[in-house]
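Student: I am new to this structure. Can you show me how to read its features?
Tutor: Gladly. Let us look at it together.

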Amino acid sequence: MKMLALATGLALAPILASPSAATTACDGLDRPVVFAGLDWDSAAFNNAVAMFMIEHGYGCETDSIPGSTIPLFNGLIRGDVDIYMEAWIPNIKDAWDAATADGTVSSIGVSYPDATQAWFVPRYMVEGDDAPAPDLKSVTDLPKYADLFRDPEEPEKGRFYNCILGWGCEVMNTKKLIAYGLTEEFTNFRPGTGGALAAAIESSILRQRPIFFYYWGPTWVLGKVSDDIVTLEEPPYDETTWQALADTAIDDVKSGTAATAWPTVAVDIASTPEFIEAAPTIVKFFGNFALNADIISKSLAYMQDNSANADEAAVNWLKNNKDVWGGWVDDDVAKRIESALASS
């Protein structure tokens, strides 16, 4: 796999037109398949799985342009990028709606259907003979158990570990904490970094300490602790209620304001009409591609525990999960992938 460096706003065409781009068996394409090298771990892992499979199964060359969400989505619109493995459509809704309306971008599959965000507590707090909070199932149960999650800086209250300070999820969690009437019993603790939040969760679970926290997946954190935590029940997600809360200023949110659980998000694979026409066999592969948040989270945990990169994690997963990915491809393609894995 190659990595292309591309300054924001520069066209890729001169690179792809280079004589060095050899013709391959990849649906007859005479150039590499270019992936959006999005700057988060799950996207890196998804890219690595897909790139290995189309390189060795279909004879494709691949490249990747590193960058962040909006610049790379704009690159997809321009045709600089062929495959955008993690299109979080709710996060780029205006740009997505405009691009799909004018036909410059299309969804060709679902990378995973179940990206999650939620509030969690440890399983050992609520299950088992010695569980100190056996009746803690919902956010409405939290006030009577606040003392179990004591904040060391404000010991008269429990502590809620919110999202990272300055992130959109931190604002929404703050609104929900107010709406659920929990600010009298819990402090709204906002970690300054993702590492600080991850460390607090991992260490608490390892030591079987109480912790009440927000987190999202797929992530290595959920990959490591998913068997040891439970999701607190909230009112089921309702788009109208959610949007109304999102549109309300924090100072205007009151206890009793309607709130709902975070939505479960399907993360799409996006491409362009030009690539869809040029490479129908490869596009069919992406239509069959089907990971899920748990698979990805556990692979990210593998990366974390083994100091592995995304390519190494992809090979590890592919070697051990033919029963999953084998259904995405024809038998002859699967045999070529297995042969490549045997020598990896």
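**Disulfides and helix contacts**

Tutor: A disulfide joins C163 to C169, with 1.9 Å from sulfur to sulfur. Keep in mind that this is a predicted model.

Student: Are C163 and C169 buried or exposed?

Tutor: Buried, both C163 and C169.

Student: How many disulfides does the structure hold?

Tutor: Two. C26 and C60 also form a disulfide, and their sulfur atoms lie 1.9 Å apart. Both C26 and C60 are buried.

Student: What is the handedness of the link of C26 and C60?

Tutor: Look at the angle about the S-S bond. For C26 and C60 it is 70°, and the link is right-handed.

Student: Which parts does the pair C26 and C60 tie together?

Tutor: Find each cysteine in its loop. C26 lies in the loop between helix 1 (13-16) and strand 2 (33-38). C60 lies in the loop between helix 2 (41-58) and strand 3 (62-67). So the pair ties together parts that are 34 residues apart in sequence.

Student: What pattern do the disulfides follow?

Tutor: Count the bonded cysteines along the chain. The pattern is 1-2, 3-4.

Student: Now the helices. How are two packed helices described?

Tutor: By the angle between their axes and the distance between the axes. Take helix 2 and helix 12 (residues 293-306). Their axes come within 10 Å and cross at roughly 100°. An angle of 65 to 115 degrees counts as roughly perpendicular. Helix 2 and helix 12 are therefore roughly perpendicular to each other.

Student: Which residues make the contact of helix 2 and helix 12?

Tutor: From helix 2, D41, S42, F45 and N46. From helix 12, I296, S299 and L300. By class, the contact of helix 2 with helix 12 has three nonpolar, three polar and one charged residues.

Student: At what angle do helix 6 and helix 9 cross?

Tutor: At roughly 105°. Helix 6 covers residues 168-179, helix 9 covers residues 239-247, and their axes come within 10 Å. That angle makes helix 6 roughly perpendicular to helix 9.

Student: Which residues of helix 6 meet helix 9?

Tutor: M172, K175 and K176 in helix 6. They meet W242, L245, A246 and D247 in helix 9.

Student: How do the residues of the contact of helix 6 with helix 9 divide?

Tutor: Into four nonpolar, no polar and three charged.

Terms used: Residues numbered from 1 in each chain as written. Predicted model: local features only at pLDDT ≥ 70, side-chain atom pairs only at ≥ 80, totals over all residues. Heavy atoms only, no water. Axes fitted to C-alpha atoms, helices over the stretch in contact; angles between N-to-C directions. Helix = DSSP H or I, 4+ residues; strand = E, 2+ residues; numbered from the N terminus. Parallel < 35°, antiparallel > 145°, perpendicular 65-115°, else oblique. Contact = heavy atoms within 4.5 Å. Nonpolar A, V, L, I, M, F, W, Y, C, P; charged D, E, K, R; others polar. Disulfide = S-S within 2.5 Å. Buried < 20%, exposed > 50% of the residue type's maximum accessible area, 1.4 Å probe, protein only.
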